[in-house]
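Here are some short notes to read alongside the coordinates. They are set out as numbered points.

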Amino acid sequence: MDPELKRAAELAAEYIESFDTQKVTSEPDPEVLAAKLRKELTADGLPPLQVLEELNRDAREGLLNSAGGRFFGWVIGGGIPVSIAADWLTAAWDQNAAAYACSPSAAIVEEIVGGWLKDILGLPEQASYAFVTGCQMAHVTGLAAARHRILADKGWSVSEQGLAGSPPIRVLVGTHHETLVRALRQLGIGRQALVHVAKRDDDTIDVEDLRNQLGKSPESPTIVALAAGDLNRGAFDPFGPVCDLAHEHGAWVHVDGAFGLWVSSSDRFRHLVSGIEKADSWATDAHKWLNVPYDSGIAFVADPVAHKSAMTIEACYKVEVEGVRDQFEWGPEWSRRARGFPLYAALRSLGRNGVAHLIEGCCDRAHELVTGLGQLPGVEVLAVPIINQGLVRFLDPAGTDHDAYTDAVITCINATGEAWFGPTTWNDMRVMRISVTNFRTSQEDVPRVIAAVKGVLDQGVSNPSDRSSTPLSKK
Ligand SMILES: Cc1ncc(COP(=O)(O)O)c(C=O)c1O
């Protein structure tokens, strides 16, 4: 065996085993880290094992232990070992998953996984799909199909005629992630096409306002973008009524289900996505909540003709094989990694119940964490998790500036290395977001993290906005 491969496996296993004992945080001095990594590029190279050992040594300090169980920032999943291992095989096999002819196994595995996913996620059997880098590119793929269809319905071929002079598209949105807007921009549908529909107090789209907006310009080619699990509190739009209404107006419904779509796998949470199968396209990824390594987004489209028309490509050198699925007909890329293998391994290993268990476990831990933090003096719970996301803030004991104090407390918690949380702004307040998206977050982690937060609050945090403030412990 090549010694580098053997050593890499040892180093990777050792890294993963160290999560419980290592600090979560990584806050190196960027200059020191860069100086460590910035080696001379030699003319003749170096022994591979030396390169590997030095990479492992020099990069470690700048690795955020986001793959461990006490990381709650952004929405970042872990990696279940079998999918990491299948990802290693994918790298070793080094297949080009552009087409069946380049790798029959890669093509067939993606076809199998596409079917399994539609089943687990409760999506229509006839829907087509594409494996892409992440939810961002899943938006691009689903919205490209949308653009194709809604313009074709007005007699305009975007593939042939482009966008200049086409009927202007409008996109009605409620709560949305910025990757949706970037996907629209990439597709030549600028920000001005966005129409912000009113939101209800629970951060879901207001159906009556949507009805009004749809009625305002009934001739416009229209996309309605919905959220299955918004990034702050995990709110779910009312899919059934919105899809019925949008379809009455000839609009296309696109769903951002980056992480929230996975609740379809759970008997306990499936009601949240009721009616979602009526939408026209769905964007999600597996690198968040299915806990496969990064580079795993998936787009699904209910209208395979629109999907294929938007994505397919001709090449004089392509090798035709009768009766097979060529991936380049469905995704935005040509040469690419065989993304299906880690997904295949994860789904086979977990099974339906295992996926549901993973999802439910994260939701339970999120609930325990948020409500547990809420028991601490000075912690206000703003959003109890609907699924795996919750929001709290820290009340400034001086009562002057809860926003600055919340930011300061988060910084102090992260500095302990016991946990990592991200700040965000929600309803004009600075808040701490808690996202549990990793199967590694255990029941034991919950009291450990709450104790770390309590320790920070007991010790006292000075509010940077209050010059006269002293640490709580000294008051
Ligand atoms: C709701 C939502 N949509 C889309 C995205 C973008 O996903 P990706 O980073 O896989 O492109 C995220 C990322 O966190 C998200 O939370």
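**Notes on the model**

1. The domain assignment divides the chain into domain 1 (3-66) and domain 2 (85-347). Between the C-alpha centres of domain 1 and domain 2 the distance is 36 Å. Please keep in mind that this is a predicted model.

2. Helix α3 contains L55. L55 has 14 other C-beta atoms within 10 Å; a residue is buried at 20 or more and exposed at 12 or fewer, so L55 is classed as partly exposed. L37 is 18 residues away from L55 along the chain, and the C-alpha atoms of L55 and L37 are 7.6 Å apart.

3. Two backbone angles deserve a look. Most residues other than glycine have a negative phi. W74, which is not a glycine, has a positive phi near 40°. The loop that holds W74 runs between α3 (48-60) and α4 (81-93).

4. D203 sits in the loop between β3 (194-196) and α9 (207-216).

5. How many other C-beta atoms lie within 10 Å of D203? There are 20, and D203 is therefore buried, since the class begins at 20 or more.

Terms used. Residues are numbered from 1 along each chain as its sequence is written. This is a predicted model: local features need pLDDT of at least 70, side-chain atom pairs count only at pLDDT 80 or more; totals for chains, interfaces and linings use all residues. Helices (H or I, at least four residues) and strands (E, at least two) are DSSP runs, numbered from the N terminus. Domain bounds come from an automatic or database domain assignment.
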